[in-house]
Amino acid sequence: MSASVRLRAATIDDLARLRHWDGQPHVVASNPHDDWEWERALRDAPPWREQLIAELDGVPVGFVQIIDPAEEVSHYWGDIPPNLRAIDIWIGESAYLGQGYGSRIMHMALERCFAVPAVTAVLVDPLVSNLRAHRFYQRLGFTPVERRRFGDDACLVHRLDRATWRPPAT
Ligand SMILES: CC(C)(COP(=O)(O)OP(=O)(O)OC[C@H]1O[C@@H](n2cnc3c(N)ncnc32)[C@H](O)[C@@H]1OP(=O)(O)O)[C@@H](O)C(=O)NCCC(=O)NCCS
């Protein structure tokens, strides 16, 4: 039987885990300049953000953040329409990379985004250099739409519209 994957809300009890994960080389490589300010973020629960831990048979293995980019407080997405979502994802434990879990977690995150009827599309912003992440997102149906700089990071924004989203067969 395949392992069960679930998403649960991250809490302050995940602080050490998230700090550890976000120092792992494969995570740093994908996200070199962001300061996640975990302690503050985990104590806050703004309506425009969900921070989730992905568990595999009860073992925490990864992290997903879903934001509403139009409502996000720093407005780092700039002038952006409402009714979008933006996702960040990583597998924190390197031993779990490349085994299909990221795809399963991403499908669950997309279902969560599109469960809100008003949501029209989901964005991701991998580094231009993160070719494996581009492949990962494009396999899920995302299309590259524009190169953008976010702070010091050159990113290739990808978008998945509701009309092209295909939930996995159950
Ligand atoms: C991207 C990521 C979430 C995918 O999860 P996963 O469980 O490893 O992926 P799956 O097993 O479902 O799919 C495999 C695909 O994931 C991608 N992938 C695997 N390892 C990766 C890594 N270290 N970095 C980036 N992408 C990776 C590749 O596209 C891979 O396909 P390939 O073997 O044909 O190259 C995960 O690899 C990860 O956390 N990578 C590091 C952080 C990152 O790049 N996050 C995305 C930032 S926008």
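An oxygen atom of the ligand sits 2.8 Å from an N or O atom in the side chain of Arg 139, which falls within the cut-off for a polar contact (a pair of N or O atoms within 3.5 Å). This comes from a predicted model, where local features need pLDDT of at least 70 and side-chain atom pairs count only at pLDDT 80 or more, while totals for chains, interfaces and linings use all residues. Residues are numbered from 1 along each chain as its sequence is written, and side-chain values use heavy atoms, leaving out hydrogens and water.

A ligand oxygen is 2.5 Å from an N or O atom in the Ser 103 side chain, and a ligand oxygen is 2.6 Å from a polar backbone atom of Arg 132. The protein covers 85% of the 820 Å² of accessible area that the ligand has on its own (Shrake-Rupley method, 1.4 Å probe). Altogether, 20 residues surround the ligand, each with a heavy atom within 4 Å of it. Helix α5 gives the most to this shell, with six residues. Helices here are DSSP runs of H or I with at least four residues, and strands are runs of E with at least two, numbered from the N terminus.

Now for the aromatic rings. Rings of Phe, Tyr and Trp (its six-membered ring) pair if their centres lie within 6.5 Å; planes under 30 degrees apart are stacked, over 60 edge-to-face, and the rest tilted. The count comes to 13 aromatic pairs. Trp 36 and Trp 38 are stacked, because their ring centres are 5.1 Å apart and their planes at 5 degrees. Trp 36 also meets Phe 63, with centres 5.6 Å apart and planes at 90 degrees, so that pair is edge-to-face. Since Trp 36 lies in the loop between α2 (25–30) and α3 (38–43) and Phe 63 in strand β3 (residues 59–67), the pair ties together parts that are 27 residues apart in sequence. Phe 63, at 0% relative accessibility, counts as buried (under 20% relative accessible area, 1.4 Å probe, protein chains only).

In soluble globular proteins, nonpolar side chains tend to be buried together. A nonpolar core is a set of buried Ala, Val, Leu, Ile, Met, Phe, Trp, Tyr and Cys residues joined through side-chain atoms within 4.5 Å. The largest such core has 29 residues, and α4 gives the most to this core, with seven residues. Another core, of 13 residues, lies apart from it and includes Trp 77 and Leu 84.

Definitions and conventions
Buried < 20%, exposed > 50% of the residue type's maximum accessible area, 1.4 Å probe, protein only. Polar contact = N/O pair within 3.5 Å; in protein donor to acceptor, adjacent residues only side chain to side chain.
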